[in-house]
Amino acid sequence: MTTGSTLSEWIKLLHKDARSSPMCNINIILKFACEISMALAEIHSAGVTHNNLTPSKIIVDRVDDSDSILVKVIGLGSASLLPDNSQTFSSIRRDLSSLGSVLFEMFSGRCPYKKDHDSNLSGREENQRETLLSQNQLISFLTARVPLRLAKSILNLMEVEGLKPCYQSARDVHRELNEVLHNLDSIMSNSDAQAALGSLNFPRGKLYGHDSHLLKIIDACSRVGTPGGSKITLVSGYSGVGKSSVVESAKEKLKEKNIRFISGKFDPLQQARPLTAINAALNEYTNSIIQQGPQISLEVKESIINAINVDVGVLTTVFPCLCKIVGKPTCNPTELGSIAAQNRFKFIFQLFVRAITTLFCPIILFLDDLHWADKLSLQLISALVTDMETNNFLFIGSYRDNEIGTSHPLTACLDELKRREITITDISISCISKVNVNALISDTLSMPHHMTKSFSDIVCKKTGGNPLFVTQFLQSLWDEGLLVFSLEDNTWKWDAQKMELQNRQIS
């Protein structure tokens, strides 16, 4: 590090490459922390309070080829004399709190204030830098990087709500930091499995209240290519109820089976560009083929060329990603009128899907948010599920049934499939029950079900049991400090009265 650099510069340099390595460099940080706390203690012993201790007011250095550490506190322009009476602690309290903030930044690499601690603020603006991050943020940032004992000491200094003050002087802090330093090996060994506290740990890949829906999708997938098996499964429901999550869970369950599961998602901002979701799915398909090696790529290429021959350019013009398998076509497709060209394109696409689907490796195509699908995509989907010669193929689509009316293109597409007596497996997903909301919250907060029931009842009333809205509401409570983690009691606490008074209902 640069000789005589400010602590601010040292912190940036130290944490530059250590963001992904929690609880690293603690030994050296502790040594500097001990020296800084002693330097502050000496200022107080001289009968002075600093009143403006920040990382930019501390100069640090290490003596070459030794473990010696040099620390100098500067910027005493705001200093004042200590009263020689019982008010001494009240006078140094601000310095101790500032020391806690400095230590927080040293160990976490993050400024604990909502505005940059070292901003050039003055006058009325100076008070803005005293606004700390929320209690949850401070706890989660710090416990992710240091042992709990050290985290509690630092947060205690910062007077984070819920912790009882235990330091009366900077020398008390110095003694505590020294003790941690001398017992660091044993403290660290007990912290190996320490999880960050104060964070909302939303369960990933776990479903609540949708087991029956999952089983239906897995059953439909397992019957791909069998006589009487449906070629189309539709998952409907309101936004946020878990349609995509159920399909993704089915995909995960089928991972060990010899099924190629590809997917795409329609986007309202891409409606002017047709086939974007199908193009994304085919891009996923081509990448998976290439990853299996040159022999598989060659076999797939031969299957496609044998089925389509010179018309392969009809596909690669629209789906350039297929060139990674079949190569760039040597000739352009014959030009046709718009209707004839569209019919040819649908037919060539049918031939393509027939060629790549086999009994030994069926294909499942999942397209999300069909309510935003363009007409050409819907026509291709219809062409595939009505093609009697396309076997070993299943289409899964999800859509918000409350967002399509009688005039919607998807409605017309589905009505046409029903008119042609195409078997459709319909799966309707709705909001989850109070029991399942409580299970989700219990897992998120790592608390027993009986302890979260009253809390989850309020959340369920505010969200209607919509899983997405539940997670959004929990996050808003966390952000607003109505759901906080208490280090003193090592558990989550909430303000039920304020939650009930909130007029805002998530929707």
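This is a predicted model: local features need pLDDT of at least 70, side-chain atom pairs count only at pLDDT 80 or more; totals for chains, interfaces and linings use all residues.

Trainee: With which residue does lysine 255 form a salt bridge?

Mentor: The partner is glutamate 252, and the closest N and O atoms are 2.7 Å apart. Glutamate 252 is partly exposed, at 48% relative accessible area.

Trainee: Which parts of the chain does the salt bridge between lysine 265 and aspartate 369 link?

Mentor: In that pair the closest N and O atoms are 2.7 Å apart. Lysine 265 belongs to strand 7 (residues 260–265), whereas aspartate 369 lies in the loop between strand 8 (363–368) and helix 15 (375–385).

Trainee: Is aspartate 369 buried or exposed?

Mentor: Buried means under 20% relative accessible area. Aspartate 369 has 5%, and therefore counts as buried.

Trainee: Glu176 brings us to helix 6. How does the length of helix 6 agree with its number of residues?

Mentor: The check compares an expected span with the distance between the end C-alpha atoms. Helix 6 has 13 residues (170–182), and at 1.5 Å a residue it should span 18 Å. Its end C-alpha atoms are 18 Å apart, which agrees.

Trainee: Which residues of helix 6 are buried, and where do they fall around its axis?

Mentor: The buried residues are Ala170, Val173, His174, Glu176, Leu177, Val180 and Leu181. Seen down the helix axis, these residues fall within an arc of 165 degrees, so they line one face of helix 6. The face turned away from the buried side carries the exposed residues Arg175 and His182.

Trainee: Against which elements do the buried residues of helix 6 pack?

Mentor: They pack against helix 2 (26–45), helix 3 (88–108), helix 5 (148–157) and helix 7 (184–189).

Trainee: Let us turn to the cysteines. How many disulfides does a search of the whole structure find?

Mentor: The search finds zero disulfides. For cysteine 431, the nearest cysteine sulfur is that of cysteine 460, 8.6 Å away. Cysteine 431 is partly exposed at 38% relative accessible area, whereas cysteine 460 is buried at 11%.

Trainee: How is a residue placed in its surroundings, taking phenylalanine 393 as the case?

Mentor: One asks for its element, its accessibility and its contacts. Phenylalanine 393 is found in strand 9 and is buried, with a relative accessible area of 4%. Leaving aside neighbours within four places in sequence, phenylalanine 393 is in contact with Val224, Lys231, Val353, Thr357, Ile363, Leu365 and Leu384.

Trainee: Where does asparagine 392 lie?

Mentor: Asparagine 392 lies in the loop between helix 15 and strand 9 (393–399). It is buried, at 10% relative accessible area. Its C-alpha atom is separated by 9.6 Å from that of isoleucine 356, 36 residues apart along the chain.

Trainee: Finally, what describes the protein as a whole?

Mentor: The protein has 20 helices and 12 strands, and 49% of its 507 residues count as buried. A compact globule of 507 residues would have a radius of gyration near 23 Å, but this protein has 31 Å. The C-alpha atoms fill a box of roughly 95 × 55 × 45 Å along the principal axes. Among contacts with a separation of 6 or more, 75% come from residues 24 or more positions apart.

How values were computed:
Residues are numbered from 1 along each chain as its sequence is written. Side-chain values use heavy atoms; hydrogens and water are left out. Helices (H or I, at least four residues) and strands (E, at least two) are DSSP runs, numbered from the N terminus. The expected span of a helix is 1.5 Å times one less than its number of residues. Buried means under 20% relative accessible area, exposed over 50%, partly exposed in between (1.4 Å probe, protein chains only). The arc is that of the directions from the helix axis to the C-beta atoms. Contact means heavy atoms within 4.5 Å. A salt bridge is a side-chain nitrogen of Lys or Arg within 4 Å of a carboxyl oxygen of Asp or Glu. A disulfide is a pair of cysteine sulfur atoms within 2.5 Å. The radius of gyration is taken over C-alpha atoms; the globule rule is 2.2 Å times the number of residues to the power 0.38.
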